[in-house]
Protein chains: 2
Amino acid sequence: MERLVVSYELRCERGESAREKAEAIALEQTVELPEACVSAAIRERVVGRLEKLAEGEAGRWRASISYDPALIGGEVGQLLNLLFGNVSMKAGIRVAGVVWPEALLAQFGGPRFGIDGVRQLCGVRGRPLLCIAVKPLGLGPRDLAEICRRFALAGVDLVKDDHSLADQAAAPFRERVARCQEAVEAANRERGGRTLYLPHLSGSPRAVAGRARAARELGCRGVMVCPLLAGWETVRRLTETSGLAVLGHPSLSGGFFAEDHGISPEVLLGTIFRLIGCDGVIYPNAGGRFVFTEQVCAAINRRLREPLGALRRSFPVPAGGIDVARVPEWVGRYGSDTIFLIGSSLYATDDPFRTAAEAIEKLAQSG
Amino acid sequence: MERLVVSYELRCERGESAREKAEAIALEQTVELPEACVSAAIRERVVGRLEKLAEGEAGRWRASISYDPALIGGEVGQLLNLLFGNVSMKAGIRVAGVVWPEALLAQFGGPRFGIDGVRQLCGVRGRPLLCIAVKPLGLGPRDLAEICRRFALAGVDLVKDDHSLADQAAAPFRERVARCQEAVEAANRERGGRTLYLPHLSGSPRAVAGRARAARELGCRGVMVCPLLAGWETVRRLTETSGLAVLGHPSLSGGFFAEDHGISPEVLLGTIFRLIGCDGVIYPNAGGRFVFTEQVCAAINRRLREPLGALRRSFPVPAGGIDVARVPEWVGRYGSDTIFLIGSSLYATDDPFRTAAEAIEKLAQSG
């Protein structure tokens, strides 16, 4: 099988040899032994191979290490383990890029809906989509449903739970989803719209599966989930079996995004989230409350939409403090195959529902 | 209910206000809205409260923020989300410590065996335990079993899979576990020993549960699992229902351990791993191939063994380049309620099995 090639950025301290550091990664991520303890056969078959090593600026190096994809055994956890598992506990090592063998990609189903499928669900072609988060946490099902209804009447494409909404006593999952979905359906009938309501799924693998079934029975066509909270394989199973469109939320992922140690956002959110089947991937947009630069956002967008084996394309979902007034500008930069997720800036206006309706109009004009 | 108090270390850039940064965390981790958009009732019930703010050295601050534990709804994912979910994507924020309300702790079963239970399984009192990793990845079941047999004959307490062993074709799970367990049992009969073999469980929640059942049927009394790969709730369910002792492995956790952003190792590995039920927690020891200082290791040890509601104590399992010759020294520092996990330094000796036997003798003398 063609090999998996991982490009690591290395930061070398004074006196640290880039070659030794790179060779240590190739050993650490496979046999976890010094080279002298490994037979020639194991070295040949199992140990990562340092394919290339190049110096960059200021003590930074780029090392390409290739691995036999058979080491992954088709498991997402073992894929992440091979990329960054043990070396996460070292310093100055960053997974910057990955070249994916087709045969490995074929082991992952990827998005079941993808950009085209989500567009079909929403009945929207040729323009970006607008998603609104229902807020705040702490409201009961009735109040949340009323907010959903009004955003659906405003013509918003997707209305979603906050990812802090789980199954708390203040808004138990089943009751909340029943009421919110009912409210959105009523608004859709009134307006002739096709707004989707996406509840957040969390909890144990069994709870996630059960809540997905409940959401489907109640009429939902999509859901949101946090892979780093719910579990990589739980999300993979959800996307493979539930028949629901799935938005991936990046909660907790920021631990991996240090400048010189971690996994690049475009690999983690752009490719890994897509491999496990997210039809859209939420990320903190540049210029908002979070730290991504516009270059990082563009790289995530590219990874989500680029050809990748037979995998469907995923929607980028920039979020996290997008100013509703600036949406047309972002459309110009990110293109129309984007879902804009607006939260706080909308709630800060006098009439969030009217503002949302105006945003949809602007998006329609931009298309 | 008593509130959950999280102590965040903040690094403030020039011109950044520590108070504003802390107040933004209290909002971000709950309602994800500016304060002006939140009603007085929601602010009172839902938004985190800044309880204390103190300046440290060089632009560092310490902020104590309290939350209503009802926001967690008993889910591990939502606990991590509340501690660090969205703020992980900001900069200069580190979860340094947590004060846990008893009622919240009572929602987590914690270790089923704990230090005392694992000691009973191994039949060892009054001295530290020795664990050996079977290496290298790439060997087939027969070769792995032979290594297990010889370490069991050497009297090692625990023999475990590498965490890169999953269900790959070279050593499929069921066949590998059957042979290794058989080999250890044969050695135990021969020697009158009680060595445990711990296979690594990975894969989907269903695979983890199925492999746990298989391991138990084959006679295993314990397993190893990587919570960040397999999923928090998958591990929790495993520890609650499998009847197996569980060692937690820290693979991928290093993303969270940056000096000024993340979750402190003692909270993540020391407390969270214990909450989800790990009977022992592997971590990269000071002085080895990884970056933890001895202070960090001591803090992890303390969290694993301290009183914590009704939760059993967990074994610290320092690893990652422990020199077998230095084990007596580490026993002096870490105390006897420790499992020393030795890998590469043992394999680098002429006769790893004899070296292991000598290490066990030294531990017996140290007890």
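This is a predicted model: local features need pLDDT of at least 70, side-chain atom pairs count only at pLDDT 80 or more; totals for chains, interfaces and linings use all residues.
Residues are numbered from 1 along each chain as its sequence is written, and chains are lettered from A in the order written. Local features need pLDDT of at least 70, side-chain atom pairs count only at pLDDT 80 or more, and totals for chains, interfaces and linings use all residues, while side-chain values use heavy atoms, with hydrogens and water left out.

**Exercise 1.** Describe the interface of chain B and chain A.

Step 1. Count contacts (heavy atoms within 4.5 Å): 67 residues of chain B touch 67 residues of chain A.

Step 2. Take the buried area (accessible area, 1.4 Å probe, that two parts lose on being put together, summed over both). The two chains bury about 5,600 Å², with 60% of it on carbon and sulfur atoms. In chain B, the residues losing the most area to chain A are B:E32, B:M89 and B:L252, together 13% of what that side buries.

Step 3. Look for salt bridges (a side-chain nitrogen of Lys or Arg within 4 Å of a carboxyl oxygen of Asp or Glu). The rule finds 4 across this interface. B:E75 pairs with A:R211 in a salt bridge, the closest N and O atoms being 3.0 Å apart.

**Exercise 2.** Determine how covered helix α5 of chain A is.

Step 1. Locate the helix (a DSSP run of H or I, at least four residues, numbered from the N terminus): α5(A) spans residues 114-122.

Step 2. Apply the burial cut-off (under 20% relative accessible area, 1.4 Å probe, protein chains only). Of its 9 residues, 7 are buried, and the helix is mostly covered. The buried residues are A:G114, A:I115, A:G117, A:V118, A:R119, A:L121 and A:C122.

Step 3. Check what comes next: just after α5(A), A:G123 has a positive phi of about 65°.

Notes: Buried means under 20% relative accessible area, exposed over 50%, partly exposed in between (1.4 Å probe, protein chains only). Helices (H or I, at least four residues) and strands (E, at least two) are DSSP runs, numbered from the N terminus.
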